[in-house]
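Subject: Structure handover

Hello,

Here is the structure I said I would pass on. Please keep it open while you read the notes.

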Amino acid sequence: MGLNVMSRARWEIPTPGLLLDLDQFDRNIERLRSHLAETAANLKLRPHMKTLKSVKLGHRLTKALGTDAITVSTLAEAEVYAGAGYRDILYAVGISPAKLDRVAALIRAGIDCQVITDNQDVSRAIARFSKDSGIAIPVLIEIDCDGHRAGIRSDEHEKLIAVASELNGSADLRGVMTHGGGSYGASSKGELHAAAEQEVRSVRIAARILREAGFQAPVISVGSTPTALAHVNRTGVSELRAGVFPFFDLVMAGIGVCDVSEIALSVVTSVIGHQRQKGWILCDAGWMALSRDRGTQSQAQDCGYGLVCDVEGRAIPNLIVASTNQEHGILAMREGSDTAMADIPIGTQLRILPNHACATAAQHGGYNVTSKRSRRIQWFERFSGW
């Protein structure tokens, strides 16, 4: 006989619905804050707001961290957060020259909006725009610390100097930044530590090269959630960025950054049918509610499109969202499992933990927010766009 997961508790929200445990959200922030207070007390914290995309949650996050500096991944985020009172913003995606007018508008409104680039042609365009507009666009040069994505490698001295030279004089060259995205592929504490050390090493080298060539580099910016929570010597680094840590997700759990119980975000869904001969339970959370992200696929434990929990958030052993259609989720036991299928009647509410919190949150217009301090579910609106 399968495990019975019926519960008298139900969330009074339409399903599928995005649910945020505010108490866990706060605990996750405090974990990073206290970690950095012990290991990197002098660092400026610049949390990444791309996962939240919520003014209410943004204010809660920055207040808890004691900072007013933020990172964004779209200019729409920059504009919304600027309207909410933030004045120190880093747009941490390589700038397209066509977007410089929007950056200039933010600067004219009193926002210190920094951009990044790793490209000599773009640097030339930024310098030309700065000269023509009379606004010295603040720029960080993006450094590739691990081959994960964009950036100039710290051993590409000539390229680094060429980009800096284009910016010098008209634009406002501030320094360097990097993102240790390769840490998302770590499979041990040792690999996480190595990724964090490499992240710091790469920008230290790049900043030294710039300074020796006569350029200013007061800003040395690093960050990703896995590396932010590592214990490394960050001497010389001026600021740290991290994004998904208030929520966490299954990818973070899979690389050992958090425990499944620390994931603050889930999707509430309702059981809508069974295909018993196939070993399936059908629910009303398909990829439109969960996203197509399969970030755990390459990890030791594949969670399909999400890990299934009972309505109170307790993981049901080996039950995952095995596949999705647009509005249907197909729940099944993880391949190779000898656990009996749970007995879950139609109408039962379940919660699904996301592979990638950013992607799942982006499927929803807002958060159904719950807290032990308030029995009432609150609605925190999200925004989107570029």
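The notes below go through the findings by topic. Please bear in mind that this is a predicted model.

Aromatic pairs

There are four aromatic pairs in the structure. In one of them, the ring centres of Phe 25 and Phe 247 are 5.8 Å apart and the planes are at 50°, so the pair counts as tilted. Phe 25 belongs to helix 1 (residues 22-39), while Phe 247 sits in the loop between strand 10 (239-241) and helix 9 (250-254); the pair thus links distant parts of the chain, 222 residues apart. Phe 25 and Phe 247 are buried. Another pair is Tyr 81 with Phe 383: here the centres are 5.5 Å apart and the planes at 75°, so this one is edge-to-face. Because Tyr 81 is in helix 3 and Phe 383 in the segment after strand 18 (374-381), the pair ties together parts 302 residues apart in sequence. Both Tyr 81 and Phe 383 are buried. Phe 25, Phe 247 and Tyr 367 make up one aromatic cluster.

As for charge over a ring, Arg 294 lies over the face of Tyr 305, 5.3 Å from the ring centre.

Tyr 81 is one of the buried residues of helix 3 (residues 75-83); the others are Leu 75, Ala 76, Glu 77, Ala 78 and Ala 82. Their cover includes helix 2, strand 3 (69-72), strand 4 (88-94) and helix 4 (100-108). Just after helix 3, Gly 85 has a positive phi of about 110°.

Ser 54 is in the loop between strand 2 (44-45) and helix 2 (55-65). With a relative accessible area of 1%, Ser 54 is buried. Leaving out residues up to four places away in sequence, Ser 54 touches Tyr 81, Tyr 367, Phe 380, Glu 381 and Phe 383. A polar atom of the Ser 54 side chain lies 3.5 Å from the backbone nitrogen of Lys 56.

Nonpolar cores

The largest nonpolar core has 111 residues, of which Leu 20, Ile 126, Ile 141 and Tyr 367 touch the most other members. Helix 7 gives the most to this core, with eight residues. Another core lies apart from it and has six residues, among them Leu 90, Leu 140, Met 177 and Val 219. Not counting residues up to four places away in sequence, the contacts of Ile 141 include Thr 117, Ile 152, Leu 160, Val 163, Met 177 and Leu 210.

Ala 213 is partly exposed, with a relative accessible area of 42%. Between Ala 213 and Val 72 there are 30 Å in space, C-alpha to C-alpha, and the two are 141 residues apart in sequence.

Cysteines

How many disulfides does the structure hold? There are zero disulfides. For Cys 283, the closest cysteine sulfur is that of Cys 309, 12 Å away and too far for a bond. Cys 309 is in no disulfide either, and the nearest cysteine sulfur to its own, in Cys 303, is 9.9 Å away. Cys 283 counts as buried because its relative accessibility is 0%, and Cys 309 counts as buried at 1%.

Regards

Key: Residues numbered from 1 in each chain as written. Predicted model: local features only at pLDDT ≥ 70, side-chain atom pairs only at ≥ 80, totals over all residues. Heavy atoms only, no water. Helix = DSSP H or I, 4+ residues; strand = E, 2+ residues; numbered from the N terminus. Buried < 20%, exposed > 50% of the residue type's maximum accessible area, 1.4 Å probe, protein only. Polar contact = N/O pair within 3.5 Å; in protein donor to acceptor, adjacent residues only side chain to side chain. Contact = heavy atoms within 4.5 Å. Phe/Tyr/Trp six-rings, centres within 6.5 Å; stacked < 30°, edge-to-face > 60°. Lys NZ or Arg CZ within 6 Å of the ring centre and 35° of its normal. Core = buried A, V, L, I, M, F, W, Y, C linked by side-chain atoms within 4.5 Å. Disulfide = S-S within 2.5 Å.
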